[in-house]
Amino acid sequence: MSPLLRVAGIEKRYGARIGCTDVSFDLYPGEVMGIVGESGSGKSTLLNCLAGHLAPDAGQVIFDTRHMGPVDTVTMSEPERRMLSRTDWAFVHQHARDGLRMSVSAGGNIGERLMAVGDRHYGRIRAAALDWLDRVEIDGARIDDRPSAFSGGMQQRLQIARNLVTGPRLVFMDEPTGGLDVSVQARLLDLLRGLVRRMGLSAIIVTHDLAVVRLLADRLMVMKDGRVVESGLTDQVLDDPQHGYTQLLVSSVLQV
Amino acid sequence: MSDYNFAYLDEQTKRMIRRAILKGLAVPGYQVPFASREMPMPYGWGTGGVQVSAATLTPEDRLKVIDQGADDTTNAVSIRKFFERTAGVATTEMTQDATVIQTRHRIPEAELTEDQILVYQVPIPEPLRFLEPRETETRKMHSLQEYGLMHVKLYEDISQHGAISTAYAYPVRVAERYVMDPSPIPKFDNPKMEMAAIQLFGAGREQRIYAVPPYTRVVSLDFEDYPFEATKADHACDLCGAEDSYLDEVIMDDAGTRMFVCSDTDYCRSRREAAA
């Protein structure tokens, strides 16, 4: 099987400072990769480079596209990259307000990607929106409400629905559970795990919460100061951390 | 009269505006930035349209100015007087006699011909503005033809009102390329935009000029299951009896009596004169 995403030697600098450097990994279809590290370790920079929001200074991000086969998304033209980011890619922001249109109803939010790829049938768009509200456990009766009338957890679930409606193959998630209370987090994680498994999605999840990667990720990368210090299977890294920083990270988790 | 340069603006400014107009005609529906001048009227009163008219007028032209279809409202009267004074051109209220027609929010009912120019006053030229506030982003969306967002607005209309309730400034796609705001004309007028005359759009405050050349394809956006419909009040004109013209609803008294009259005063008057 060929990898869905092949990342080679990604580097991003902010002037003399390092955002992230020398990051390489392969992501296979259906695999979930977790990236953990403390604030400022470069994990969000890395994610933004991979998703095309930032232009990396060096390296390649080769994505196995449906029609053209493996293509370097760093050098691909902007229209192609933007097309990719609303069809085969999805990006779940930490703050739902960054990923949603707050002045547009829930149904319109979900339908936007469908309309962006050319769907012009109201009935079909509406049906897809209802279907996805159901899948992310939001009452269909709320379809015409604006996201501003939703709770934080519902907004996050709506953002996920809006992203997954076009059936992407790769989902980027930046702290998807950040800022939610634990019971809402648990429900969201449960939902995400179900969707990822059922749709066979590949995902890259950036988080500082080790519990999130324990639940969702197959593999783990630990970042510190812009570099990957340790990587491997999630359980292996968390249960038997080798690098000093990883050991510190694992031992810092509060036990209840 | 000789106190002003012909049509108020200086020749260099008119050249600059003409260049923008030509570019607009070459790229139908594309918003061309131009260095809009301060005009002796407030923004929102047609500063863009006036500048386009000034750059278009020649001494031989005959000008007609309408505001919501009427020749006798404040905006129309002042702009007509402005050009009578600063350009000394002939003016008319008859649609078919005019060579340049400046309009606010209507297209005349009478069919326009190849030797006429229709100049629109535009408040906000960017059709995506209320959906996407960033100018950098809307420009990118135009250049990449990412117009899905326009349909989100129509979707919202249907989900809230059961039909596309946008009744004016109804977005159109010009020559199968640019999505364009036709200025706040009623959607009843949208089908008329495929016409023989040249259509020029001037937005003074926003500093944009755009254009639709004669016989250009202009399609109103819609959904397959909710097609575009050019709507008007379901009534005939109470003065001339016309059933095919766009109507204004006029409230007559405190008891709620109302009458419907043609919004195009010239059309209504000529029909009544013909009948008399």
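## Exercises on a two-chain predicted model

Chain B and chain A bury about 1900 Å² between them, with 55% of it on carbon and sulfur atoms. Buried area is the accessible area (1.4 Å probe) that two parts lose on being put together, summed over both. This is a predicted model, where local features need pLDDT of at least 70, side-chain atom pairs count only at pLDDT 80 or more, and totals for chains, interfaces and linings use all residues. Residues are numbered from 1 along each chain as its sequence is written, chains are lettered from A and ligands numbered from 1 in the order in which they are written, and side-chain values use heavy atoms, with hydrogens and water left out.

### Exercise 1: the interface

Describe the contacts between chain B and chain A, then the side of chain B that touches chain A.

**Solution.**

Step 1. Take the contacts, meaning heavy atoms within 4.5 Å. On chain B, 21 residues touch 23 residues of chain A.

Step 2. Turn to charge. A salt bridge is a side-chain nitrogen of Lys or Arg within 4 Å of a carboxyl oxygen of Asp or Glu. Six salt bridges link chain B and chain A. R101(A) and E132(B) form a salt bridge through their side chains, at 3.8 Å from N to O.

Step 3. Locate the helices. Helices (H or I, at least four residues) and strands (E, at least two) are DSSP runs, numbered from the N terminus. On chain B, α4 (135–143) and α5 (148–161) each supply at least two residues of the side that touches chain A. The largest share, nine residues, comes from α5(B).

Step 4. Sort by class. Ala, Val, Leu, Ile, Met, Phe, Trp, Tyr, Cys and Pro count as nonpolar, Asp, Glu, Lys and Arg as charged, and the others, Gly among them, as polar. This side of chain B has nine nonpolar, four polar and eight charged residues.

### Exercise 2: the sheet in chain B

Find the strand order of the open three-stranded sheet in chain B, and explain why β7 and β10 stand at the edges.

**Solution.**

Step 1. Two strands pair if DSSP finds at least two bridges between them. The order is β7-β6-β10, with antiparallel pairing.

Step 2. β7 (178–180) and β10 (218–220) of chain B each have a single partner strand, so one side of each is left without a neighbour in the sheet.

Step 3. Check one pairing. β6 (residues 172–174) of chain B meets β10(B) over three antiparallel bridges. There, R173(B) stands opposite V219(B).

### Exercise 3: the sheet in chain A

Trace the open six-stranded sheet of chain A and look at two of its pairings.

**Solution.**

Step 1. The order is β6-β7-β8-β3-β9-β10, with mixed pairing. β6 (89–92) and β10 of chain A are the edge strands, each pairing on one side only.

Step 2. For a parallel case, take β3 (residues 32–36) and β8 (residues 202–207) of chain A, joined by five bridges. G34(A) has I205(A) as its bridge partner.

Step 3. For an antiparallel case, take β9 (residues 219–224) and β10 (residues 227–233) of chain A, which pair over six bridges. M223(A) stands opposite V228(A). Their hairpin has two residues between the strands, and D225(A) takes a positive phi near 50 degrees.
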